Every structure is written in C-alpha cells, then in structure tokens.
Amino acid sequence: MPNDFAASPSARPIPADKSNIKGMYDNGRNCGRWVEIKLSDFCSVANGGAPGAGICRGGTWKPDKYNGASLKAVVTDSCGDGNEWCRSDRNHLDISRYGVGQFTMPDGKPAGDLIGAGAWNNRKIDWSFIPAPNYSGDIKLAFAEGAERYYAPLLISNLPNGIHGVEYFDGSTWKRVAKTTDNGQRFDIEASNAARTSYTIRVIDADDKLLNGGREYTFGRADCAQGSGKCGQSQIYNPVTYTTRPGSGG
C-alpha cells in the first residue's frame, strides 16, 4: 500500500491486481462492524494529505489533553482515495464530521468539538473491532431502492458482530449470495418459491459463524415490490417484517 498513490481503481470491489491498495474495509467484509477508537498524539502542523509527503511533514507528534478520549462507531464505507492518509496505512479510519464531535474523555466528560478547538488535524488513533455495545433485539431487514419481483437487493443492519455473508433457502437447499459490489450490508437474494413472494435467509457474521445459531428469517416482498411495483427514488429503504425459527447452527 505505501508509495502507491495512483488514482482509485475504476472497479469496485477492488480487483485482485489492485489488492495492494485494499485497506481493512476489505471490499465490504468489515462493513457494519463496531470499532472503538482512542485518540493518541496530535501533529503540531497542518497538512493536506499530499501523496508521498508524510502525515506530519515539517512538524512533530505531541500528546495533549485529548489523548485517551474514546469513541465507539460503525464502519460504513471505504477510503480508496489516492492521498497520503488512505494509501500509507491500510488501517486508516475516516471519521465523520459528526463523529469527531462525539468523543468522550477518560473521565466520562464530552471532549467537545475537536475540529473547532483546533485539536483534530488527522491525529494518531488506536482502534480495534468490538461487539456491538449494549446490543438488543435482532437484525433489521429492508429492500433497497429498485427492488421488484425479479430483483431483490436486501439491506441488513443492526448487526451484533458485522456480516461476512448471507445464504438464502431456494426451497430445497441453502445457497450463498453475493454482495452488491463492495457494499458489505447489501446482498442480492433470491426467493424461496416460484411465485417470488417469500424469502428465507440466514446470516454469517464476522467470525464466519451462522448468526444466532443459524436462525432463519422469513419474509415477503416490501410494499413497493409487490406485483409489478418497483422501489423508486423516494423509497431508498423499504423495511420488511420477518418471522424467525431456530436453525441447526451447522
């Protein structure tokens, strides 16, 4: 990854011949996982991420009062940009503008607006994957924009431990389905019956184990996908109600 600052590949997911620029997002395999982030040293000078110029060029790394502040967040996208930050460290995290203002100090007090305080500047962080904090309930399912009778892109969220795959039941056997490009929480599923009115899936988590012991989730089409209807621009997220039954765990 270091020293390769060529433009982002046109194809997503990142193809095998560009695997050197594939970060920990890993073409969506870590999408939906929770991470805990802790702030470390601050760079004494600003920088713009120019390729090959270094992260803290012309400055020094120094600890300050924000060292140790922490944040728990969800991985939602990848950074394939050809800048210093994304290409020099495959473990780089982009944190949303909102997220930067949500850190908590070691004493439990809010860290406040780090950008406004001039205390951000792409500072060093330490992070690790964690189980979803205070998790309750079960996964959430919805059909994505464009869903219709013969096309069923399914969005899967509220995950306790990320998602590495989805299997659907075709009426006789379980089959693995593909992600939509590198969107790790969107999968193109197939129906369980010829009329394409019913779907049954099970989820494989980030530990490559069947979620909830192989629990099966069965549901029908979203309202926008009934008959010849199609989920359009105003219907990006179309939730479905499901029933469950215990799985074999195999």
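I count Ala, Val, Leu, Ile, Met, Phe, Trp, Tyr, Cys and Pro as nonpolar, Asp, Glu, Lys and Arg as charged, and the others, Gly among them, as polar. The model I am looking at is predicted.

**Second largest pocket**

I started with the second largest pocket, which holds about 430 Å³ of space. I find 17 residues in its lining, and Asp89, His92, Asn122, Arg123 and Ile125 lie nearest the centre. Helix H1 (84-88) and E5 each give two or more residues to this lining. H1 has the largest share, with three residues. Sorting the lining by type, I get eight nonpolar, four polar and five charged residues.

**Arg123 again**

I noted that the two partners sit 59 residues apart, Asp64 in the loop between strand E3 (61-62) and strand E4 (70-74), and Arg123 in the loop between helix H2 (97-100) and strand E5 (125-130). Which partner is buried? I put Arg123 down as buried, because its relative accessibility is 5% and the cut-off is under 20%. Asp64, at 27%, goes down as partly exposed.

**Other salt bridges**

My tally for the structure is nine salt bridges. One of them joins Glu216 and Arg245, at 2.6 Å from N to O. This pair also links distant parts of the chain, 29 residues apart, with Glu216 in strand E13 (residues 216-219) and Arg245 in strand E15 (residues 243-245). Glu216 is buried at 11% relative accessibility, whereas Arg245 is exposed at 53%.

Next I looked up Lys175, which forms a salt bridge with Asp170, their closest N and O atoms being 3.2 Å apart. Here I have Lys175 as partly exposed at 37% relative accessibility, and Asp170 as partly exposed too, at 24%. I also wrote down a network of salt bridges that links Lys22, Asp26 and Arg29.

**Largest pocket**

Last, I went to the largest pocket, with about 760 Å³ of space. Of its 41 lining residues, I have Val75, Thr76, Asp77, Ser78 and Asp94 as the closest to the centre. Which elements supply at least two residues each to this lining? I got strand E1 (34-39), E4, H2 and E5. E4 contributes the largest share, four residues.

Conventions
Residues are numbered from 1 along each chain as its sequence is written. This is a predicted model: local features need pLDDT of at least 70, side-chain atom pairs count only at pLDDT 80 or more; totals for chains, interfaces and linings use all residues. Side-chain values use heavy atoms; hydrogens and water are left out. A salt bridge is a side-chain nitrogen of Lys or Arg within 4 Å of a carboxyl oxygen of Asp or Glu. Buried means under 20% relative accessible area, exposed over 50%, partly exposed in between (1.4 Å probe, protein chains only). On a 1 Å grid over the protein atoms alone, a cavity is a set of points where a 1.4 Å probe fits but cannot get out, and a pocket is an open set with protein on both sides within 12 Å along at least five of seven lines; lining residues have an atom within 4 Å of a point. Grid points are joined across faces, edges and corners, and a volume is the space filled by probe spheres set on the points.
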